[in-house]
Amino acid sequence: MILPFAESFRIKMVEPIHKSTREDREKWIKEARYNLFNLKSEQVFVDLLTDSGTGAMSDRQWSEMMLGDESYAGASSYYKLKNAIRQIVGFEYFLPTHQGRAAENVLFSVLVKSGDIVPGNSHFDTTKGHIEFRHAHAVDCTIDEAFDTTAYHPFKGNVDLNKLEDVLKENGEKVPFIIVTITNNTAGGQPVDMVNLKQVKALAEKYGKPVIFDSARFAENAYFIKKRNPDYADKTIKEIVLEMFSYADAMTMSSKKDAIVNMGGFIAMRDKNLFQQASVYNIMFEGFVTYGGMSGRDMNALAAGLDEGTEFSTLETRVEQVAYLGKRLVEYGVPVQEPFGGHAIFVDATRFFPHIPKEQYLAQTLTVETYLEGGVRGVEIGTILADRDPITHLDRFPKLELMRLAIPRRTYTNNHIEYVAATLANVFERRHQIKTGFKIVYEAPILRHFTVELERI
Ligand code: F0G
């Protein structure tokens, strides 16, 4: 018999979580104005809001915490992290930041000005926010296959080279850099192939533009390259990661994902001049260049996390658990983005609720119903997240209207996964009884999804 898949860790410490009744949840979600960010964590049973900062650190990471050097300047923890970054991604210069969006803020303060155009593959919302906040535009050049949740493509995160070249040809002088998000979160945690990364770099060189990787889930990307591109089947994850980053000039990193820490981020680059310019903003916004918003202990845990997070066994455990949820949902007939993403399963709300108009926020309706059914918290990746068009102020309807179920690393067991799948199956079974969605009663001008307030229609 072929031995089944099993996790490459055992559990040393546990944290209780609590079930609730449907009545409780009806009351809580109403009090939260139907915005799941407003729920208290104790009102949630299985929390799949995000895989960001929600993972479980290892015994090795916790022991590194005790060795943290909290010196303001030149801490040994800084050098430990600097070494790990040089070894794992191959960049000489780096700046710590308190999280990924802070890395964007610092780097874009140097590189992005009003009127610029930043092409890439589905910019993450904070990335887009930092571009639009500077009165510049983000242009999505992801391949078309990414927007059809039923179409199979092994690398749905890929950049469409024709779309990218069109932007460079027409508006080249306005493009400060190209940004490639690995994995492509917004399109469903979808990977970018090594071949594509190489081609983007070649095109960028032709037009004299730098390439930046938004690297939050770079290790999951490397895992998919190993699994899906036969040329890399025999390479280690660390070898694949080094090659991936050889096609970038700089990176922004949210360490809260693949580096398995609860807080932290960084910018890394090859160019000393860029490092010096970014250092000015880092000191202003984040902290001195050798800590940048991170404690020494957190930099130590991050250095260890970068190493562990790029081990095959860690990634296999992680990505295969996500796929397990995907398979269970497919068995129940629930429409999901396929192939499954690295960090999350994305449920297609348009296919789930074909009978509700898109103006009523389908993916949000699905997240509310999923919470009511089983106390499971997912997140809307749809019209609310897409914000209004900065010029017309009308809702922007994205090509995909999704509910994301993001799985924290090393946190839940497959029994939790079974529970989540059954919750979705129940909502799917009664989907025709859900006839209407929501309307917005309050929203912020940018990144509205965090604080939006809604009412049932
Ligand atoms: N880039 C990507 C691809 C991300 O997914 C995130 C965060 C960021 C940048 C910003 O990093 O949160 O450390 O400031 N994504 C989280 C999520 C919030 O739930 O997907 P941050």
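This is a predicted model: local features need pLDDT of at least 70, side-chain atom pairs count only at pLDDT 80 or more; totals for chains, interfaces and linings use all residues.
Trainee: What volume does the largest pocket have, and which helix gives the largest share of its lining?
Mentor: There's about 1600 Å³ of space in that pocket. Both α2 (59-66) and α12 (312-331) put at least two residues into its lining. With five residues, the largest share comes from α12.

Trainee: Where does the largest pocket lie relative to the domains?
Mentor: Its lining counts 43 residues, and Met13, Glu15, Ala56, Arg410 and Thr411 lie nearest the centre. By class, you get 15 nonpolar, 15 polar and 13 charged residues in that lining. Domain 1 (22-51 + 312-456) and domain 2 (59-309) both contribute to the lining, so the largest pocket lies between them.

Trainee: Moving to the second largest pocket, which residues lie nearest its centre?
Mentor: This pocket has a volume of about 600 Å³. By class, its lining has twelve nonpolar, five polar and seven charged residues. Of the 24 lining residues, those nearest the centre are Lys128, Asp140, Thr186, Ala386 and Pro398.

Trainee: And which element gives the largest share of the lining of the second largest pocket?
Mentor: As for location, domain 1 (22-51 + 312-456) and domain 2 (59-309) both give residues to this lining, so the second largest pocket lies between them. The elements giving two or more residues are α5 (125-132) and β4 (137-140). The largest share, four residues, is from α5.

Trainee: On to the ligand: how much of its area does the protein bury?
Mentor: Start with the polar atoms: a polar side-chain atom of Gln99 sits 2.8 Å from a ligand oxygen, and a polar backbone atom of Gly100 is 2.8 Å from an oxygen atom of the ligand. Lys257 brings a polar side-chain atom to 2.9 Å from a ligand nitrogen. Taken alone the ligand exposes 470 Å², and the share of that buried by the protein is 94%.

Trainee: Which helix supplies the largest share of the shell around the ligand?
Mentor: The shell has 16 residues, with Thr50, Arg101, Ser254, Lys257 and Arg404 coming nearest. They split into one nonpolar, eight polar and seven charged. Three residues of the shell, the largest share, come from helix α4 (residues 100-111).

Trainee: Which helix gives the largest share of the lining of the second largest cavity?
Mentor: That cavity holds about 50 Å³ of space, and Glu220, Asp258, Arg318 and Arg409 are among its lining residues. The lining takes at least three residues from each of domain 1 (22-51 + 312-456) and domain 2 (59-309). The largest share, three residues, comes from α12.

Definitions and conventions. Residues are numbered from 1 along each chain as its sequence is written. Side-chain values use heavy atoms; hydrogens and water are left out. On a 1 Å grid over the protein atoms alone, a cavity is a set of points where a 1.4 Å probe fits but cannot get out, and a pocket is an open set with protein on both sides within 12 Å along at least five of seven lines; lining residues have an atom within 4 Å of a point. Grid points are joined across faces, edges and corners, and a volume is the space filled by probe spheres set on the points. Ala, Val, Leu, Ile, Met, Phe, Trp, Tyr, Cys and Pro count as nonpolar, Asp, Glu, Lys and Arg as charged, and the others, Gly among them, as polar. Domain bounds come from an automatic or database domain assignment. A residue is near a molecule or strand if one of its heavy atoms lies within 4 Å of it. A polar contact is a pair of N or O atoms within 3.5 Å; within protein, one must be able to donate a hydrogen and the other to accept it, and residues adjacent in sequence count only if both atoms are side-chain atoms. Accessible areas come from the Shrake-Rupley method with a 1.4 Å probe; for residues, only the protein chains shown count as cover.
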